[in-house]
Amino acid sequence: LQSKFPAMGTNIFTIMSALAAEKDAVNLGQGFPDFACDPKLVQAVTDAMTRGLNQYPPMTGVAPLREAISAKVEAIYGRRYDPVAEITVTAGATQAILTAILSVVRPGDEVVVLEPCYDSYVPNIELAGGVAVRVPLTPGSFRPDFDKIGAALGPKTRAIVINSPHNPSGTVWSEADMLRLQELVAPTETLLISDEVYEHMVFDGAQHQSAARFPGLAARAFIVSSFGKTYHVTGWKVGYVAAPAPLTAEFRKVHQFNVFTVNTPVQYGLAAYMADPKPYLELPAFYQRKRDLFRQGLQRTRFKVLPSEGTYFQCVDISQVSQLGEADFCQWLTREIGVAAIPLSAFYGNGFDQRVVRFCFAKKDVTLNLALDRLARL
Ligand code: PMP
Ligand code: GLN
């Protein structure tokens, strides 16, 4: 068989999780919690199954879930999305992003991504026949460089993809950043895909600046989030897209022939569980404590600990610890030290190696402490 995608390899998360399992290493690579979700959430899904809610739901998602999403987004970001015409339930953020891109990007269109970026964006753009225009985030700080972003916008630009809180760096865009972006795109037709899956993991009292808060951005945005991150159920693969009606209409044209619908009882369970805002309101403090425990422990190592303003990721500079490149270091660390991490080079098209690796701290304290004990030996 002649490969259609000869250059496309297996994604880094699959590779590192398989190696971690094989070597029985503590897996701080792929981002997922190793602790249980709230039993009430499991009960809510079980109740839905028991009530017989087990057949195809509406293509757009079950009404109670779309209504719960709408109410929540309006309560925290102050913009109302019509649950009928502007919210679509998806099979996680991954499908939401792919579907958004497929629904608006034509062959030859340019889509701006800010590197380092999540590994699915560029392949998604290329699957649509588009051209990814890679704009670097500021080296070292990973903050947006608006002069460079502005320079990348041109007549062929169809969309820009942003991601705050940011995987892998943990940076969080400020209100000023969002206003600056709003100003830059105002004279253009550029659409926005705003990947906000870590919206509830923002630390030190900062606020998540959803594109929904900014009318000039919201009017052109597909806002993507994921219940997997917020409710500790990454394996359930349910998320959503909120977008103005004309964008949602285009999105659904592709969605209906992509997954068509998403797991019914999980949708009803999530809808019931969302009535209580406590779980997501408590999430920043929950993860900030884990971040601080992990960062404190890293002081015992020779890693240089970089900032983590949001997400459940902590990046470290490895240059005082090893002469290896990032990818080799992660392999070595998993095999020899028993801790898996992700090389930042996996988030760059050219494999740029800045001697920085990413750890996930969405783990039980005992898991983090075990990893820290191993890392302290380096
Ligand atoms: N975007 C980012 C930035 C992510 O970190 C993830 C999680 N891997 C996703 C999208 C995909 O989310 P989901 O698991 O809901 O598909
Ligand atoms: N989002 C998670 C990460 O960045 C996992 C993604 C995946 O497994 N594809 O680690």
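Colleague: How many residues of domain 1 are in contact with domain 2?

Modeller: Two residues count as in contact if their C-beta atoms, placed from the backbone, lie within 7 Å. Here 22 residues of domain 1 are in contact with 22 residues of domain 2. On the domain 1 side, the elements that give two or more residues are α13 (283-298) and β10 (313-317). Five of the residues come from α13, which gives the most. By class, that side has 13 nonpolar, six polar and three charged residues. Charged means Asp, Glu, Lys and Arg; nonpolar means Ala, Val, Leu, Ile, Met, Phe, Trp, Tyr, Cys and Pro; the others, Gly among them, are polar.

Colleague: Where do those names and numbers come from, and what are the bounds of domain 1 and domain 2?

Modeller: This is a predicted model, with local features needing pLDDT of at least 70 and side-chain atom pairs pLDDT 80 or more, while totals for chains, interfaces and linings use all residues. Residues are numbered from 1 along each chain as its sequence is written, and chains are lettered from A and ligands numbered from 1 in the order written. The domain assignment, automatic or from a database, gives domain 1 as 12-30 + 282-376 and domain 2 as 39-276. Taken over C-alpha atoms, their centres are 26 Å apart.

Colleague: Which order do the strands take in the open sheet of four?

Modeller: Strands of a sheet pair through backbone hydrogen bonds, parallel or antiparallel. Strands (E, at least two residues) and helices (H or I, at least four) are DSSP runs numbered from the N terminus, and two strands pair if DSSP finds at least two bridges between them. The order in this sheet is β9-β10-β13-β12, with antiparallel pairing. β9 (304-305) and β12 (342-343) are at the edges with a single partner strand each, so one side of each has no neighbour in the sheet. Two bridges link β12 to β13 (residues 356-360) in the antiparallel sense; Ile342 has Arg358 of β13 as its bridge partner. α13 packs on this sheet, touching β9 and β10, and its direction makes about 15 degrees with that of β10. Such angles run from 0 to 180 degrees between N-to-C directions, with axes fitted to C-alpha atoms, for helices over the stretch in contact.

Colleague: And which strands are at the edges of the seven-stranded sheet?

Modeller: This open sheet runs β2-β8-β7-β6-β5-β3-β4, with mixed pairing. Its edge strands are β2 and β4 (131-136), each pairing on one side only. From one strand to the next, the twist averages 20 degrees. For a parallel case, look at β3 (residues 110-115) and β5 (residues 157-163), joined by four bridges; there Glu110 is the bridge partner of Thr157. For an antiparallel case, β2 (residues 87-90) and β8 (residues 239-242) also share four bridges, and Thr90 stands opposite Gly239. α10 (residues 245-255) lies across β2, β7 (221-226) and β8, at about 30 degrees to β2.

Colleague: Are the residues of β2 buried or exposed?

Modeller: Buried means 20 or more other C-beta atoms within 10 Å of a residue's own, exposed 12 or fewer, and partly exposed in between, with C-beta atoms placed from the backbone. Ile87 and Val89 point one way, Thr88 and Thr90 the other way, and all are buried.

Colleague: Which residues come nearest to ligand 1?

Modeller: A residue is near a molecule if its C-beta atom, placed from the backbone, lies within 6 Å of it. Of the 14 around ligand 1, the nearest are Gly92, Ala93, Thr94, Asn167 and Ser226. Helix α4 (residues 92-104) gives the most to this shell, with three residues. The shell has three nonpolar, nine polar and two charged residues. Ligand 2 is surrounded by Asn11, Phe13, Gln30, Gly31 and Asn167.
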